[in-house]
Amino acid sequence: MESRYTFGGDEHVFCEVDTEMSLEAFFKSLSMTNAVRESQIRGVTEICPANASFQIKFDPDIIKPDDMLAEIKKLEVQAESAESSMDTRIVEVPVLYNDPWTHETLMRFRERHQDPSGTDLDYSARINGYDTVDDFIAAHSGSPWFVSMVGFVAGLPFLYQTVEREKQIEVPKYLRPRTDTPKLTVGYGGCFSCIYSVRGAGGYQMFGVTPMPIFDPQQRIKYLQDFMIFFKPGDLVKFSPIDRDTYDAAVEAVEANEFEPKIRDVRFSLDEFNADINACNAKLEGALK
Amino acid sequence: MIKVLNPGLATSVQDMGRHGYYHLGIPQSGGMDQLALQAANLLVGNASDAAVLEATFMGPELEFTADAVVAVTGAAMTPKVDGAEQANWESFAVKAGQVLSFDYLKGGARAYIAISGGIDVPVVLGSRSTYTLGALGGFQGRPLAAGDEVPVGQGKGTAGRSLDASLRRAPGSPAEIRVLPGIYWHWVTDKSGAQFYEDTWKVAPEADRIGYRFRGGRPIEFTERERPFGAGSDPSNIVDGCYPYGSIQVPGGTEPIILHRDAVSGGGYFMLGTVISADMDLIGQMQPHTPTQFVKVTMDEALQARADRTALIGRIHEALA
């Protein structure tokens, strides 16, 4: 894993920590961006961590691009020796899998899909070697996920599952992106799940919807009153399958502004995770019990 | 206050933009032609970073409820006060009860309508700019609609001030857009990379505040590579990463897209380079079908172009001080 630095025009440094996705690459990207934030380099205007890369936007009138690059590279030694553990939180996200709204949408855009004969869940289960959609849903909701990036549109989390690579779900994106995706759709593309924070275009396979809002520009929802966006990189998520009645009750609770996401503080250690994945996940999920 | 009688095609409140939230997917927004936006403000005696209306391809029809001084810069769309033609890039008076309307678009793409006192919508996350995808900022988080009553601040401008043509900037024909190659440029074959600059591209109809799509050049050919885990199956896919403003992605290798001020902040497509900051204003003034030539530059040339643009804005400030 060797970082590759490049300029995005005269205002951005782009760093590819690794060409492929891994928790190690994500942790390094997060440590690097934390180090840039702490070092308070003059002229930095945006610090954006991503899955296995990161980007720093800067004002070249304040700091020359080559100097900016040198400052960031200096932090790499420090970031490499940083402890790969963090205090974070785990959030339970209820999901109505196989819901009527994503189903209606995926039927509408069927001709843009690899397999027009089935649904996104049928297709994703099959190409990942699951006998039934239920087995596939059990795998998707069976262990925690890291929020490895927030973006695309306001507040959309990219999620990376904390399982061995051979167990990781991988699906292609739609052949051509849809022009519509229901709000709060739980999607999947490459090795990432996501939650669409707003309605709009999208290319990820669609598996279900959550009743839990994660972006509220009006900040009326009580758990979004401090800030309009719920997720930040480093958060952990556990998907919890729910039935239609539970979904409807949760939507009512959201409308009455009484919905409370289940959130617990946890510590994640990459060394512990690599030593025993099942024990690490059991500990993280145990915090939600 | 101004009443919107007809909103035009896409008219929104914009200022110099919203900074510091790109890592959460909230882009900077703000006027796409920042030079024209600042000039419009200075013409009506506003601070150069006040909020204005950005009208795309077609002007709105606005009824004024109080006397004001107005200036329209950027795209060539002749403003009219109760039907009487006014000049672009020149301040003029509008009296309470009068209606500001526009002739059809004769050049450019976006007109900046500054009103003395500035558009006085609430500041959200440090800016009045509209980010439509996130329903954030501007007038109720969206472009203007008929019947809207848009608040205007207190100001005092002077009619009859104009900006000399030598201090304006617009894309030529073909439009020349300067690009610093990089990011994933090494994925492109040498032959294909040369073709990208040789070919004449055209702005596609899918050109908006998020991004500008181009057609007409030869497809990108990729060097042989192993597909990295997590990137997806198409040769143009990367492990989802950040997108710089101005970056040029080419999904499937066919149609380049330049991200602009309402950019999606990241995604899974490779980028072959980035439009230099000095030329982003010009993209904001390009209409669909505009022939476009991408011109390769070095970082030193990019910084020189940036300095030239900064100096030009400095001369605009001096001229309108």
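A nonpolar core is a set of buried Ala, Val, Leu, Ile, Met, Phe, Trp, Tyr and Cys residues joined through side-chain atoms within 4.5 Å. The legends below describe a predicted model.

**View 1. The largest nonpolar core of the predicted model comprises 162 residues.** The members that touch the most other members are A:Phe231, A:Phe239, A:Phe268 and B:Phe270. Helix H1 of chain A, residues 23-39, gives the most to this core, contributing 8 residues. Apart from this core lies another, of 27 residues, which includes B:Phe92, B:Val94, B:Leu100 and B:Ala111. In soluble globular proteins, nonpolar side chains tend to be buried together.

**View 2. The surroundings of A:Phe231.** When neighbours within four places in sequence are left aside, the contacts of A:Phe231 include A:Arg89, A:Val91, A:Val93, A:Val147 and A:Val150. Also in contact with A:Phe231 are A:Pro157, A:Ile195, A:Ile214 and A:Val237, together with B:Leu24 from chain B.

**View 3. A cis peptide bond in chain B joins B:Ser173 to B:Pro174.** The omega angle of this bond is near -5°. B:Pro174 is placed in the loop between strand E9 (149-150) and strand E10 (175-181) of chain B.

**View 4. A:Phe152 has a positive phi, near 80°, and is not a glycine.** The loop that holds A:Phe152 runs between strand E6 (145-150) and strand E7 (157-161) of chain A. A:Phe152 counts as partly exposed because its relative accessibility is 23%.

**View 5. A:Leu184, although not a glycine, has a positive phi of about 70°.** A:Leu184 lies in the loop between E7 and strand E8 (185-189) of chain A. With a relative accessible area of 9%, A:Leu184 is buried, since buried means under 20%.

Conventions. Residues are numbered from 1 along each chain as its sequence is written. Chains are lettered from A and ligands numbered from 1 in the order in which they are written. Side-chain values use heavy atoms; hydrogens and water are left out. Buried means under 20% relative accessible area, exposed over 50%, partly exposed in between (1.4 Å probe, protein chains only). Helices (H or I, at least four residues) and strands (E, at least two) are DSSP runs, numbered from the N terminus. Contact means heavy atoms within 4.5 Å.
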